[in-house]
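Hi there,

Here is the structure I promised to pass on to you. Have a look at it first, and then read my notes below.

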Amino acid sequence: MTAKVIDFDVKGDDRGSLIALERGYNVPFDVKRVYYIFDTKEGVRRGAHAHRNLKQLAVCVKGSCRFLLDDGEQKRRVALDSPDKGLYLEGLIWREMYDFSPDCVLMVLADAFYDEKDYIREYDLFLQTVKKA
Ligand code: T46
């Protein structure tokens, strides 16, 4: 499964903290799009899809949430609970996000523009696609 947690350097001083995201240093792709998810209602699950080609880096810049990752063979859970770590996702990974804290702001950097054709939103089709890959 091409999913890994990236720890970011925190530039801190007595004023507070700063994190820089830079291609080639802690972002492993050219960023074409940034979106963020916030005000998620209690108990909501999001995601429930895979991408055919998209590379993404998800950062909880505020609050926390959890990811369930599934490559068709293995399942893995990752908690994003600090702005100093990011979850890098590449390739065929079914993902679900859940346990959003009320203050959660989940920012996602992506290497491509939004394209609904890149989504696989049916789990059976995801499994078939993994088998063919
Ligand atoms: C992902 C997880 C982590 C757009 O118009 N442009 C965009 O760039 C995005 C991401 C979404 N949308 C529209 C499509 C839907 O009408 O916003 C609506 C909600 O999107 P979706 O239901 O796909 O959101 P999530 O939270 O289930 O999934 C999102 C990303 O779509 C997905 O790529 O990996 O976050």
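To start: what is the order of the strands in the open sheet of five strands? Keep in mind that this is a predicted model. The order is β8-β7-β10-β5-β12, and the pairing is antiparallel. At the edges stand β8 (75-80) and β12 (119-120); each has a single partner strand, so one side of each is left without a neighbour in the sheet. Inside this sheet, β5 (residues 46-51) and β10 (residues 94-98) run antiparallel and are joined by three bridges. You can find histidine 49 opposite arginine 95 of β10.

Next, please look at β11 (residues 105-110). Five of its six residues are buried, so this strand is largely enclosed by the rest of the structure. Strand β4 runs antiparallel to β11, with six bridges joining them, and phenylalanine 38 stands opposite valine 105 in β11. Strand β6 (residues 55-62) also pairs with β11 in the antiparallel sense, over six bridges. There, valine 59 faces methionine 107 of β11.

Finally, which residues form a nonpolar patch on the surface? They are Val31, Val34, Tyr36 and Phe38, and together they have about 400 Å² of accessible area. Valine 31 sits in the loop between β3 (16-18) and β4 (33-38). Its relative accessible area is 39%, so valine 31 counts as partly exposed.

Happy exploring, and write back with any questions!

Best wishes

Definitions and conventions. Residues are numbered from 1 along each chain as its sequence is written. This is a predicted model: local features need pLDDT of at least 70, side-chain atom pairs count only at pLDDT 80 or more; totals for chains, interfaces and linings use all residues. Side-chain values use heavy atoms; hydrogens and water are left out. Patches are made of residues with over 30% relative accessible area and no salt bridge: like charges are joined within 9 Å, nonpolar side chains (Val, Leu, Ile, Met, Phe, Trp, Tyr) within 5 Å. Accessible areas come from the Shrake-Rupley method with a 1.4 Å probe; for residues, only the protein chains shown count as cover. A salt bridge is a side-chain nitrogen of Lys or Arg within 4 Å of a carboxyl oxygen of Asp or Glu. Helices (H or I, at least four residues) and strands (E, at least two) are DSSP runs, numbered from the N terminus. Buried means under 20% relative accessible area, exposed over 50%, partly exposed in between (1.4 Å probe, protein chains only). Two strands pair if DSSP finds at least two bridges between them.
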